[in-house]
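Please read it alongside the coordinates.

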Amino acid sequence: MSLAAPAHKRILLKLSGEALMGDDAFGINRATIVRMVEEIAEVNQLGVQVAVVIGGGNIFRGVAGGSVGMDRATADYMGMLATVMNALALADAMDKQGMTARVMSAIAIEQVVEPYVRPKALQYLEEGKVVVFAAGTGNPFFTTDTAAALRGAEIGAELVLKATKVDGVYTADPNKDPSATRYAKLTFDEAISRNLGIMDATAFALCRDQKLPIRVFSIVKHGALKRVVMGEDEGTLVYA
Ligand SMILES: Nc1ncnc2c1ncn2[C@@H]1O[C@H](COP(=O)(O)OP(=O)(O)O)[C@@H](O)[C@H]1O
Ligand SMILES: O=c1ccn([C@@H]2O[C@H](COP(=O)(O)OP(=O)(O)O)[C@@H](O)[C@H]2O)c(=O)[nH]1
């Protein structure tokens, strides 16, 4: 039996809100969330420190609100609140799975969750607790992908793992262009200049400047998270 050690000590996992929907049209699919949490538990048990940034697209997206005439910043605050709901659901499922999860919010709603305080987050990670970062960056006009890049840099994560419905970065959106092919790896500059829509340019630029690599992989594919953590070739690596 091989007792290979994980390739990373501390990771930042970005889960899209839509990933939580499973096959539902919106909201949180319980079976999907439980399965994801099982995969997170597996890497947590290997001794890997795990922080999570959760999206909110399954409940509300600021862009959608803005497009129907709402004030964009107000719609974005609604989107951030949606991520808090997802964070609570995720942390609850983690606790049921035997992990200890702590939700930290970028906007103050202290009766619900504790505020994000960087040293506290670092302390939780050292203790082996899973930290779930809620409310994105706390600012409108940003995304949770950018929050993942920001928190990843702040906590000194070795890698940002973007778990999504596709299994990597493609030459074009594979849901729209069936002839698109997947990159094994590419640089941040290539990703930005080719306008690859998998993540927003702000997130890519932040990770590029901080030399924080991102691995994009499928959350639907069983065992993929563990393979990434073990340093195996899975999905697409975006690097500086
Ligand atoms: N070049 C690309 N390679 C891979 N996926 C892409 C690309 N361009 C756009 N996408 C889309 O990005 C989505 C992944 O981003 P994600 O943040 O998980 O989704 P969303 O923003 O819809 O919640 C994929 O489902 C895919 O449709
Ligand atoms: O720093 C942030 C992060 C998120 N949002 C809002 O929250 C919504 C949900 O986040 P996102 O779309 O990134 O979620 P995901 O695509 O991962 O489901 C976004 O559309 C924005 O409206 C925001 O305003 N600032």
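1. An oxygen atom of ligand 1 lies 2.5 Å from an N or O atom in the side chain of Thr164. A polar contact is taken here as a pair of N or O atoms within 3.5 Å; within protein, one must be able to donate a hydrogen and the other to accept it, and residues adjacent in sequence count only if both atoms are side-chain atoms. The corresponding separation is 2.6 Å for the side chain of Lys162 and 2.8 Å for that of Asn175. The protein covers 84% of the 560 Å² of accessible area that ligand 1 has on its own (Shrake-Rupley method, 1.4 Å probe).

2. This is a predicted model, in which local features need pLDDT of at least 70 and side-chain atom pairs count only at pLDDT 80 or more, whereas totals for chains, interfaces and linings use all residues. Residues are numbered from 1 along each chain as its sequence is written, chains are lettered from A and ligands numbered from 1 in the order in which they are written, and side-chain values use heavy atoms, with hydrogens and water left out.

3. Around ligand 1 there are 16 residues, of which Lys162, Thr164, Tyr170, Asp173 and Asn175 come nearest (a heavy atom within 4 Å).

4. Nine strands form an open sheet of mixed pairing, in the order 4-3-5-2-1-6-8-9-7. Strands are DSSP runs (E, at least two residues), numbered from the N terminus, and two of them pair if DSSP finds at least two bridges between them. Strand 4 (114-115) and strand 7 (185-187) stand at the edges with a single partner strand each, so one side of each has no neighbour in the sheet.

5. Strand 6 (residues 159-164) runs parallel to strand 8, to which five bridges join it.

6. Is strand 8 enclosed or open? Five of the five residues of strand 8 (residues 214-218) are buried, so the strand is largely enclosed by the rest of the structure (buried: under 20% relative accessible area, 1.4 Å probe, protein chains only). Ile214, Val216 and Ser218 are buried on one face, and Arg215 and Phe217 on the other.

Key: Buried means under 20% relative accessible area, exposed over 50%, partly exposed in between (1.4 Å probe, protein chains only). Helices (H or I, at least four residues) and strands (E, at least two) are DSSP runs, numbered from the N terminus.
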